[in-house]
Amino acid sequence: MNFDEKMEGDYRIYAGAVESLQGDGYIAAVVINRVRGDKHLLREAYRDESLACGHRWASPDAALQYAVTKARELIHTECARLAC
């Protein structure tokens, strides 16, 4: 499993690339946490452990990139659902 962590405004993004059980690629996963200005965790805002319906990417970097991009998209377009 490969991880990446990013800050996006008041949110911390945890992206993961999980090796498929069949060994034929990597599945993208993401957790988005809302944080206070001092970067203390406030609460989990969103979680998806199988983005894109479990699509398998050829490399962990590609899966991580997709997860981070999708998280940023959610943060900027789904403010009401993420309790901005």
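## Burial and overall make-up

Buried residues, meaning those under 20% relative accessible area with a 1.4 Å probe and protein chains only, make up 38% of the 84 residues in the chain. Residues are numbered from 1 along each chain as its sequence is written, and side-chain values use heavy atoms, with hydrogens and water left out.

The chain has 2 helices and 5 strands, and from the N terminus on they run β-β-β-β-α-β-α. Helices (H or I, at least four residues) and strands (E, at least two) are DSSP runs, numbered from the N terminus. Now for contacts, which here means heavy atoms within 4.5 Å. Of those in the chain with a separation of 6 or more, 44% come from residues 24 or more positions apart.

The predictor's confidence in each residue is the pLDDT, on a scale from 0 to 100. Its mean over the chain is 89, and 88% of the residues reach 70 or more. Confidence is lowest in strand 4 (residues 41-48), at a mean of 86, and highest in strand 5 (residues 56-57), at 96. Where pLDDT is low, the predicted coordinates should not be read in detail.

Two strands count as paired if DSSP finds at least two bridges between them. Strand 1 (residues 2-8) and strand 2 (residues 11-19) run antiparallel and are joined by 7 bridges; Asp4 stands opposite Ala15 in strand 2. Strand 2 also runs antiparallel to strand 3 (residues 26-35), with 9 bridges joining the two. Here Ile13 stands opposite Ile32 in strand 3.

Both pairs are hairpins with a glycine worth a look. The hairpin of strand 1 and strand 2 has 2 residues between the strands, and Gly9 there takes a positive phi near 65°. Gly9 is exposed, at a relative accessible area of 59%. In the hairpin of strand 2 and strand 3, 6 residues lie between the strands, and Gly23 in the turn has a positive phi of about 75°.

Ser20 lies in the loop between strand 2 and strand 3. Is Ser20 buried or exposed? At 5% relative accessibility, Ser20 counts as buried.

Its side chain has two polar partners to look at. A polar contact is a pair of N or O atoms within 3.5 Å; within protein, one must be able to donate a hydrogen and the other to accept it, and residues adjacent in sequence count only if both atoms are side-chain atoms. Leaving out residues up to four places away in sequence, Ser20 touches Gly25, Tyr26, Ile27 and Arg56.

Helix 1 (residues 51-54) holds Ala52 and Cys53. Ala52 isn't a glycine, yet it has a positive phi of about 55°. Cys53, another residue other than glycine, has a positive phi near 55°. Ala52 is partly exposed at 36% relative accessible area, while Cys53 is exposed at 83%.

Glu8 is found in strand 1 and is buried, with a relative accessible area of 17%. Which residues does Glu8 touch, not counting residues up to four places away in sequence? They are Ile13, Arg72, Ile75 and His76. A polar contact of 2.7 Å joins the side chains of Glu8 and His76. Gly9 and His76 are 67 residues apart in sequence and 9.7 Å apart in space, C-alpha to C-alpha.

Note on methods:
Predicted model: local features only at pLDDT ≥ 70, side-chain atom pairs only at ≥ 80, totals over all residues. Buried < 20%, exposed > 50% of the residue type's maximum accessible area, 1.4 Å probe, protein only.
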